[in-house]
Structure formats: C-alpha cells, structure tokens
Amino acid sequence: MKQTEQIGKIKQYFQKNKNYYFIGAGLLLAFAIGLSINCGTAKKVAMVDVQKIVNSSAAVNALKVEHQGKMAELQTWLSNAEKEIEKETISSKKEKLTKKYQQELNQKQQAVQQAYAQELQKIDALISEDITKIANEKGYNLILVKGMVISGADDITEYVIEGVR
C-alpha cells in the first residue's frame, strides 16, 4: 500500500507541475535547435595589435620622416622671417611684417598638417585592407582590436606586419 501511495503522490506532483516540464522541454528543444544551427557556422575570431602594426609600417615611418623634414623646413623659414622682422627699425612696418609672416606661417602649418593627415588616412585604409585580406585568407570571421580581447581569439598581428612591410 505504501508503494501505491508513493506512485499516487508522484502522479499528483507531475500533474501539478506539468507546465514547468513543458516549459523546460521547450527551452531544451530551443537550445538544441540553436546549437545545431550555429554548428555549421562556427566563428573564428582574430585579434590584431593595431599600434604595433602601425609602428612596423614602412609607409608610416616614411611619412613621419617626410613630415619631420617639412616641419624642419618650416622652422628654418620661421627663423629667417624672425631675422627679417628684427632688421626692421620702423615699428609700423615691423608690425605689418609680423602679421604677414604670422599669416604665412599659419597657412604653411595648416597645409603641412592637412597633407600629413590625408596621407595617414590613405595608409590607414591600406592597413585595414591588409588586415581584412589576411584574416579572410586564414578563415577568420571576426577581427577585434587586441585591447578588447581577454581570451578566445588568435593573434594575427605578426602576419599583418609581414604584409605591411
């Protein structure tokens, strides 16, 4: 009789809680379906150290040298302008000359900075293309910046550095 009572209690328990079992079974089924869908499209994640790539880029280094040369030329021009201003003895002419050279300096600096920024953008676009190309060749679906990744991604920085040199 005890066994019959236990079976009856178990039946009552299942009848009272059958909604929870249907919900649990539904969630399990949804999980299984989601898992089977994602199995065919496994994601490969890569990470790159962009700063290291930029520092290793021959194009970036050449641009920096060129920019430093142009800034040195500007410094030389400024020194000559200052000498010319110092030679002037009439204060009104000195003021006009100072304003003239200040305007020229601003224009020259702006032109140098603008040219530098444009070239840097071109190089950045080429580096981004190289990163994407190498990642695709190696079968990666997602590329992240190294600082954003704690674990779970392959570092392809060295492969990209080889490509941008």
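Between which two helices is serine 57 found? Serine 57 sits in the loop that separates helix 3 (50–56) from helix 4 (58–87), and the tour will return to that loop. The model is predicted: local features need pLDDT of at least 70, side-chain atom pairs count only at pLDDT 80 or more, and totals for chains, interfaces and linings use all residues. Residues are numbered from 1 along each chain as its sequence is written, and side-chain values use heavy atoms, with hydrogens and water left out.

**The whole chain**

Begin with the entire protein in cartoon view. Six helices and three strands are present; helices (H or I, at least four residues) and strands (E, at least two) are DSSP runs, numbered from the N terminus. Followed along the sequence, the pattern is α-α-β-α-α-α-β-β-α. Of the 165 residues, 19% count as buried, where buried means under 20% relative accessible area, exposed over 50%, and partly exposed in between (1.4 Å probe, protein chains only).

Strands count as paired if DSSP finds at least two bridges between them; strands 1 and 3, which run parallel, are joined by two bridges. Zoom in on alanine 46 to see aspartate 154 of strand 3 opposite.

Now select valine 45, which belongs to strand 1 (residues 45–48). Apart from neighbours within four places in sequence, valine 45 is in contact (heavy atoms within 4.5 Å) with Tyr140, Leu142, Leu144, Gly152, Ala153 and Asp154. A distance to display is that between the C-alpha atoms of valine 45 and alanine 135: the two residues are 90 apart along the chain, and the separation is 9.1 Å.

Move to serine 56, in helix 3. The side chain of serine 56 reaches the backbone oxygen of lysine 52 at 2.9 Å. Beyond neighbours within four places in sequence, serine 56 is in contact with Asn61, Ile161 and Arg165.

Finally, select serine 57. Is this residue buried or exposed? Serine 57 is buried, with a relative accessible area of 2%. A polar atom of the serine 57 side chain lies 3.3 Å from the backbone nitrogen of alanine 59. With neighbours within four places in sequence set aside, the residues in contact with serine 57 are Ile123, Ile127 and Val164.

Definitions and conventions: A polar contact is a pair of N or O atoms within 3.5 Å; within protein, one must be able to donate a hydrogen and the other to accept it, and residues adjacent in sequence count only if both atoms are side-chain atoms.
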